[in-house]
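Here's a walk through a two-chain model, written for someone who likes to know the cut-offs. Have a look at the structure first, then read on.

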Amino acid sequence: MPDSVLAGGVPSIPEFRPTRKSVFTDRAQRLRDLADGHAMQEYLLFASALARAQAAELEVYPDTPVPDPAQLEHCQQHGLPPLSIDSAQPAGWQQGLLRLLDALNQDALPPEAVRIANELRDEDNTALERDQEHMFAGAYAEIDSGRAPFIGAALQVHWVKMALRLGERGRSAGVDFGLCPVCGSPPVVSVVRSGGAEQGLRYLVCSLCASEWHVVRVKCTSCASTKNISYLFIEGSNDAVKAECCDECKTYRKILYLDKDNHMESIADDLATLALDMLVDQKGFRRVGPNLLLSPG
Amino acid sequence: MGLKLSRRQFFKVCATGLATSSVAALGFTPNAALAEVREFKLSGAKETRNTCPYCSVSCGVLMYSLGSNAKNAKQEIFHIEGDPDHPINRGTLCPKGAALLDFVHSSSRLRRPEYRPNGASDWQPISWEEAFERIARHMKSDRDRNFEATNEQGATVNRWLSCGMLAASASSNESGYLTHKFARSIGLLAFDNQARV
């Protein structure tokens, strides 16, 4: 227990959890563990292989320029995410994509996946940049759903690399609570943490750079309403993953409770619980959190 | 970039849509996942923020209940814990607060107004209407008998010292304001309201 508690003080809430170097390794491992006996086993193993390739790529990915202290200060003052996805066209991820594709074991992939991988290898930068722009604009239906996971994976490596270089300095405090304070992307899921100073606190996890930021519980992370929030889950599950549904704006985002299962990982456990999405969709709630390793088409 | 698209586009994952998703496009079969979904059923839960009613510290609590938001659905509270976001208690509760669930479900919990006549040993249920009537009657009679408009020196005091009032801790500023106005305007001086915190 922290000294401040014993002294009668109230510990402050850790507002930000920077992305981790092990994000792709952890994700790959979790996807692999989840795949065993899962109805989506093949896809989870594919995503695991892709995450493993991302982990290897992160090691060799060249250092991309990040904002200098003056620019970081400017972002702080104006509540702008320092590594905003709205800034200039990112360079280098296209080469990273090629290396990701090379790292995948072709023999383990279905013929369609191999064909799409080869197609991406021959693609020029303009076409790739168009996919990237659609992805960042949230126009998921505009990207070929077979290409999306590869594009998303390459962009994640680029942004995680930059976010790791900035660490704690990467967070701009004034960014709208529904967007990543580092890169301005929408979050994929909420995670309620277990243990330590973060016990019971909810963090949103960035779909792109995996940074995490604190938002109070029982609040819609899309429209900020605190009224009529309900939690839907699959009957008979360990209810470690629920859909946080808002009756005001009729949207939902998944929320992962780590006290129920401490091994959960945002993107992996989201992919492993698509059944929950399908059922919640039937209830008329619309999903707001993108997962870059899957396009709904 | 030349794209005029809202960031707030939806990411629709539905049973019919899985056939156009990355799963099918990359040559994996979504059939097992689709078959599985038909076996599943949704359950609903709620988390509600509230204030512990025990003392004037007014710790924040989160109450977990089963049952969806749907009208007429019966809500059943099954767990209560400290609100981790609350600036006063940051998720902690004292032993009394930690036992709030038993308080909620206590078999001896008062659920309706009850009345024990003079000399009787048993309590008998009465309606809210009757309860309000009786309380108002007693207060009015007592105030008529004991209200002091002036003191011995003739100064105006407008006080009613033979009656007191105690109000609850889980009150908003607004209800605290109204409670205060009510008590003071009828001359009550013996008045404590835990909403003072």
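Two strands count as paired if DSSP finds at least two bridges between them. Helices (H or I, at least four residues) and strands (E, at least two) are DSSP runs, numbered from the N terminus. With that settled, take the hairpin of β5(A) and β6(A): six residues sit between the strands, and Gly236(A) takes a positive phi near 85° there.

Some housekeeping. This is a predicted model, where local features need pLDDT of at least 70, side-chain atom pairs count only at pLDDT 80 or more, and totals for chains, interfaces and linings use all residues. Residues are numbered from 1 along each chain as its sequence is written, while chains are lettered from A and ligands numbered from 1 in the order in which they are written.

**Where the chains meet**

Back to β5(A), residues 229-234. This strand has a partner in its own chain and one in chain B, as the table shows along with a pair from within chain B.

| Strand pair | Sense | Bridges | Facing residues |
|---|---|---|---|
| β5(A) and β6(A) | antiparallel | four | Leu232(A) and Ala243(A) |
| β5(A) and β1(B) | antiparallel | four | Leu232(A) and Gly44(B) |
| β6(B) and β7(B) | antiparallel | two | Thr150(B) and Thr156(B) |

Zooming out, the contact takes 43 residues from chain B and 53 residues from chain A; two residues are in contact if their C-beta atoms, placed from the backbone, lie within 7 Å. On chain B's side, α1 (22-25), α2 (31-39) and β1 (42-51) each give two or more residues, and β1(B) gives the most, with seven. By class that side has 21 nonpolar, 12 polar and 10 charged residues, counting Ala, Val, Leu, Ile, Met, Phe, Trp, Tyr, Cys and Pro as nonpolar, Asp, Glu, Lys and Arg as charged, and the others, Gly among them, as polar.

**Chain B as a whole**

Chain B has six helices and eight strands. Its radius of gyration is 28 Å, well over the 16 Å that the globule rule gives for 197 residues, so the chain is more spread out than a compact globule. That radius is taken over C-alpha atoms, and the rule is 2.2 Å times the number of residues to the power 0.38. Along the principal axes, the C-alpha atoms of chain B fill a box of roughly 95 × 55 × 35 Å, and buried residues make up 16% of the chain.

**The sheet in chain B**

Strands β6, β7 and β8 of chain B form an open, mixed sheet in that order. β6 (148-150) and β8 (188-193) stand at the edges with a single partner strand each, so one side of each is left without a neighbour in the sheet. The twist averages 30° from one strand to the next. Helix α6(B), residues 173-185, lies across β7 and β8, running at about 160° to β8(B). For those angles, axes are lines fitted to C-alpha atoms (for helices over the stretch in contact), with values from 0 to 180 degrees between N-to-C directions.

Definitions and conventions:
Buried ≥ 20, exposed ≤ 12 C-beta atoms within 10 Å, placed from the backbone.
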